[in-house]
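The following exercises concern the structure shown below. Each task is followed by a solution in steps.

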Amino acid sequence: MEQADTLLKLYGTGDPTQVMRKVSTGPLTFYYSQDGLRRLTWNGTELVRALAWPIRDENWGTYPARIIAEAIDDSDGFTAHLTFEVGDGRLICDLRVRALDTGDVFADLVMTPKGGPFSTNRAGFTVLHPIKGIAGAPLHVSHADGISQETTFPKHIQPNQPVKDIAGLQYGLDGQSVKIDFEGEVFEMEDQRNWSDASFKTYCVPLVYPFTYDITEPTRQSIRMRFSGDAVPVKPESERSALRVEASRSKALDIGLAVETGWLPKSSAALDASYILLRTSPGAPDFPDLAAFARDFPATDLEIVLPDDMLVEDGLRDVAGAITAAGLSPTRVIALRDSYLGSYQPAGPWPEGPAPNDMLEAVRSAFPQAAVGGGMLTNFTEVNRCRPDTAGCDYITHGLTPLVHAGDDMSVLETLETLPQIFASTAALAKGLPYRLGLASIGMRSNPYGAAVAENPTQVRRTMARIDPRHRALFGAAYAVGVLAATEGSKVEALCLGAPAGPFGLVYNQSDYPQAGYDGTDRTVFPLYHVVRAACSMTGHPRVSLNGLPEGIAGYGAELDGTFCFMLANVTDRARRVALGNAAETLCLDVETFDAATTSAEWLDTATHSKSTDAELRPFSVAFLRTEQSSR
């Protein structure tokens, strides 16, 4: 019972964490699970982020696999034989993986449909390549016709496929290299940083092929990897450096709350947010309630979604009239047609009718007192594919979610590695315009890549799910600090980490989906609430840089009236220790303090801080710290 309660506090669900087996055979190491191999390293250098075998449904969600049989043999290297089914047994998959201490990895997959054709958007092997040290590095490509090509991994995030018709790849890092050969299907590569994944992805089938497609007969794919390179001398472990808190030239971010239909709280806990990010459509029946809520905040950023069958001018006029009637004066406005909540390949085809850039003048005419936004209401992917006209707009925006391709904890946390590259790429597109993120959440607000977001009635870790249980847990709070930390040095000036209520709410409200650990208890706020509250208190103050943090620790803070106030989050599942240098008043949000923190919206004010020169951070805990001077 105690273990189940701990899991709920950490992850918001009793769904077991992914079990991964660490494998070492000679200089080759990796993690094995029934979903794939992760972080394949040779002599300590990660060269392949993952080898996986997902089966996608018609909405690009990943089919859950039911394991029929699994056999593992590590007497000579490592061998795994896995048989699983997806789609209620309509596709049977037989997988064999073998890894040797010579650096050879072999993987074979046979997919057999049962009871007729099996429909899928993608099925088979996927290879992920890391981005650290790899982005911009040389890449040797072999094509199916025998022609070889010397190119590079994209340094800046590329909207289309940088490499197509792949039969083989070869690249290296730090004197280590890997050669990968593909058989049985046509493969191509995409820049997964578009979706915040910390990888480049080689996959099948090419996106120019029609999808959804059918598997009608047994289909086999094979992958061969060969790792090589001499052992690298082990560097002596350096002495641990203390945290250095230093003033920077930037300001702490504006923190907003996202609201739309159904996201207003039944009960409220006060948050001094800088603005409301209000999304609405013409004729929305609850707009007066949304507007009344927004009036209590200093500013309103308005997102308008117009029906495709409505004239742009008519739709904008309707919303502008409702705004005036509600006594609301938006500071910023962005408007898109409903079809542009979807995603399209850079070469199209694109929806008929006005594109976002075509609507800028009409938005400015309807809302003459407001700044006009360019960009998208979904992910950076869509901004990168449909780039805003910077001459016609006043700021750039998009949202974030880590659940597009994977839902496991490791993949979600890896996306924090990619965010600085997304922010830099967007800033390059913005050409000096202000950059304001929309909702940056674990759950997916809408699905640009399919008909709908995935249902998640049992509250498990799932790709493309709107409601993610980790949002309500310590994991969600730590992840949010990671997002804030990733904005350091970027042009991002504002973002939303949650909503007053609904699937991204910061405050508990009873809902039609289970909220384990909160339903039937006296817990009223989620851990994320306290992170957002602390970030709101920093808005407009000089931001501080947190240097000397150990790996796995993310930090965000500001200088408030001569005091350095900052948050440190452990974004790993292992305990971490941070040397603070100078003594700091510390309050930890972790498994031990979870009950007190979630039963009081005023916990940050009423809980007792301890004074220490070290911060002991349990998995996914957040420490709130105050110190009078920087640590040097």
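Helices (H or I, at least four residues) and strands (E, at least two) are DSSP runs, numbered from the N terminus. The model is predicted, so local features require pLDDT of at least 70 and side-chain atom pairs count only at pLDDT 80 or more, while totals for chains, interfaces and linings use all residues. Residues are numbered from 1 along each chain as its sequence is written, and side-chain values use heavy atoms, with hydrogens and water left out.

**Exercise 1. Overall form**

Solution. 
1. The protein contains 10 helices and 36 strands.
2. Its radius of gyration is 25 Å, close to the 26 Å that the globule rule gives for 632 residues, so the protein is as compact as a globular protein of that length. The radius is taken over C-alpha atoms, and the rule is 2.2 Å times the number of residues to the power 0.38.
3. Along the principal axes, the C-alpha atoms fill a box of roughly 70 × 60 × 50 Å.
4. Of the 632 residues, 57% are buried. Buried means under 20% relative accessible area, exposed over 50%, and partly exposed in between (1.4 Å probe, protein chains only).
5. Contact means heavy atoms within 4.5 Å. Among contacts with a separation of 6 or more, 68% join residues 24 or more positions apart.

**Exercise 2. The nonpolar cores**

Solution. 
1. A nonpolar core is a set of buried Ala, Val, Leu, Ile, Met, Phe, Trp, Tyr and Cys residues joined through side-chain atoms within 4.5 Å.
2. The largest such core has 115 residues, and those with the most contacts inside it are Phe367, Leu484, Val531, Met567 and Val622.
3. Helix H7 (residues 474–486) gives the most to this core, with 11 residues.
4. Beyond its neighbours within four places in sequence, leucine 484 is in contact with residues including Leu253, Ile255, Val531, Arg543 and Met567.
5. A second, separate core of 55 residues includes Leu40, Leu95, Ala107 and Met111.

**Exercise 3. Backbone geometry**

Task: Identify cis peptide bonds and positive phi values, and assign their locations.

Solution. 
1. The bond from cysteine 204 to valine 205 is cis, with omega near -5 degrees; valine 205 is in the loop between strand E19 (200–203) and strand E20 (213–215).
2. The bond from glycine 348 to proline 349 is also cis, with omega near 0 degrees. Proline 349 belongs to the loop between strand E26 (332–337) and helix H4 (360–366).
3. Aspartate 165, a residue other than glycine, has a positive phi near 50 degrees. Aspartate 165 lies in strand E15 (residues 163–166) and is partly exposed at 32% relative accessible area.
4. Aspartate 174 has a positive phi of about 55 degrees. Aspartate 174 is in the loop between strand E16 (168–173) and strand E17 (176–183) and counts as exposed at 57% relative accessibility.
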